[in-house]
Amino acid sequence: MQKDPRNQTQNLLAARQQCYPLPFYLHLCRCFEVFKVIHKLVDSQEDILMVATDVIKEFAADNVKYLELRSTPRAEKDTGLTKKNYVEAVIKAIQQCKDEGVDIDVRFLVAIDRRNGTEVAMETVKLAEEFMLSSGGLVVGIDLSGDPTVGRGRDLLPALEKARNSGLKLSLHMSEVPSQREESELLLNLPPDRIGHGTFLHPEMGGSQSLVDRVVDLYITNLLLLVDLGE
Ligand SMILES: CC(C)=CCNc1ncnc2c1ncn2[C@@H]1O[C@H](COP(=O)(O)O)[C@@H](O)[C@H]1O
C-alpha cells in the first residue's frame, strides 16, 4: 500500500509502531501473527471507526463500486470496546461514507474467528442477526475465517446453520491448508454463498474431484439462477 499522508490509519499505525515494531518483511504464513499485532494497535471504538472509514474510502478511490467488508467483533477491556460497539463502529463508518457521498455501496459480514469455538460463534451469529434487523440492510452475512490450522469446522456448524436459517448469507474460508477434506465436505453441505480461498479443494492439491465438482455445481447453478432472473 502506498503511504498517503491524508490516511489517518497509516499515520496512527506509524506512530504506534514504536510500541509494537513490525518487521519489514513477513512471510505469508506468519500473517496471523501480524493480525495479532494489528489487534493491539487498533483497540478502541474510535480506531475501528477510523480504520473502517479509511478502508472504504481507499476502495472508493480505486473505483470499486460494491464492497463487502468482513471483520471479527472484538471486546477490549482496557478501552471499553465491546463486540456490540465494534459492529456499531463499522456500521457508522459505512453510514458516514454514504452521507458524505462516497461513491461506493458497502455491506458488512460479521466474522467468526474459528479459533474461538462453538459458544463464541453462536454469540457472533446472534449479534449479526440483531444487526441484520437494525442496520437497514447493511449487515448481510457471516464470514468464517481465522487461522485455518486452529479449531474444527464441525464445531461451528450449529452456529452457521442458525445464521443461514435466519437469512444471513455465508462466506466461508475453507481448504486454505491441506488435509481438510472432511471439514470442506461439511461446510459445502451448508452450502456457503461464497468460498474464501479454497486453495486445497483441487485433487492436485490434496483435495478431491468430488469437492471441486460440488463447488462448480454450487456456483454454476447460482449463476444460471441469476441469468434466469435477468440480473
Ligand atoms: C493464505 C492466507 C493464510 C491468507 C489469509 N487468509 C485468511 N484466512 C482466514 N482468515 C483470515 C485470513 N486473512 C484474515 N483473516 C482473519 O481476519 C482477521 C483480521 O481481521 P479482523 O480482525 O477480522 O478484522 C484475522 O485475525 C483472521 O481471523
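This is a predicted model: local features need pLDDT of at least 70, side-chain atom pairs count only at pLDDT 80 or more; totals for chains, interfaces and linings use all residues.
1. Helices (H or I, at least four residues) and strands (E, at least two) are DSSP runs, numbered from the N terminus. A helix's expected span is 1.5 Å times one less than its number of residues.

2. Residues are numbered from 1 along each chain as its sequence is written, and side-chain values use heavy atoms, with hydrogens and water left out.

3. Now the overall plan. The protein has eight helices and five strands, and along the sequence the pattern reads α-α-α-β-α-β-α-β-α-β-α-β-α. Of its 231 residues, 39% are buried (under 20% relative accessible area with a 1.4 Å probe, protein chains only; over 50% is exposed, and in between is partly exposed). Contact means heavy atoms within 4.5 Å. Among contacts between residues at least 6 apart in sequence, 70% join residues at least 24 apart.

4. Back to H4 and its surroundings. Its buried residues are Asn85, Tyr86, Val87, Ala89, Val90, Ile91, Ala93, Ile94 and Cys97. They pack against helices H3 (45–61) and H5 (117–134), and against strands E1 (66–71), E2 (105–113) and E3 (139–145). Just after H4, Gly101 takes a positive phi of about 85 degrees.

5. How do H4 and H5 meet? Their axes come within 11 Å and cross at roughly 45 degrees (axes are lines fitted to C-alpha atoms, for helices over the stretch in contact, with angles from 0 to 180 degrees between N-to-C directions). That makes H4 oblique to H5; angles under 35 degrees count as roughly parallel, over 145 as roughly antiparallel, 65 to 115 as roughly perpendicular and the rest as oblique. From H4, the contact uses Lys83, Lys84, Val87, Glu88 and Ile91, and from H5 it uses Val120, Glu123, Leu127, Glu130 and Phe131. These residues divide into five nonpolar, no polar and five charged (Ala, Val, Leu, Ile, Met, Phe, Trp, Tyr, Cys and Pro count as nonpolar, Asp, Glu, Lys and Arg as charged, and the others, Gly among them, as polar).

6. H5 itself deserves a look. Its 18 residues should span 26 Å at 1.5 Å a residue, and its end C-alpha atoms are 26 Å apart, which agrees. Ala121, Thr124, Val125, Leu127, Ala128, Glu129, Phe131 and Met132 are its buried residues. Their cover includes H4, E2, E3 and helix H6 (153–165). Gly136, which follows H5, has a positive phi near 60 degrees.

7. H3 can be read in a similar manner. At 1.5 Å a residue its 17 residues should span 24 Å, and the end C-alpha atoms are 24 Å apart, which agrees. Its buried residues include Asp47, Ile48, Met50 and Ile56. After H3 comes Asn63, with a positive phi near 75 degrees.

8. Leaving aside neighbours within four places in sequence, its contacts include Ile142, Leu160, Ala163 and Leu190. Leu190 is 20 residues from Leu170 along the chain, and their C-alpha atoms are separated by 8.8 Å.
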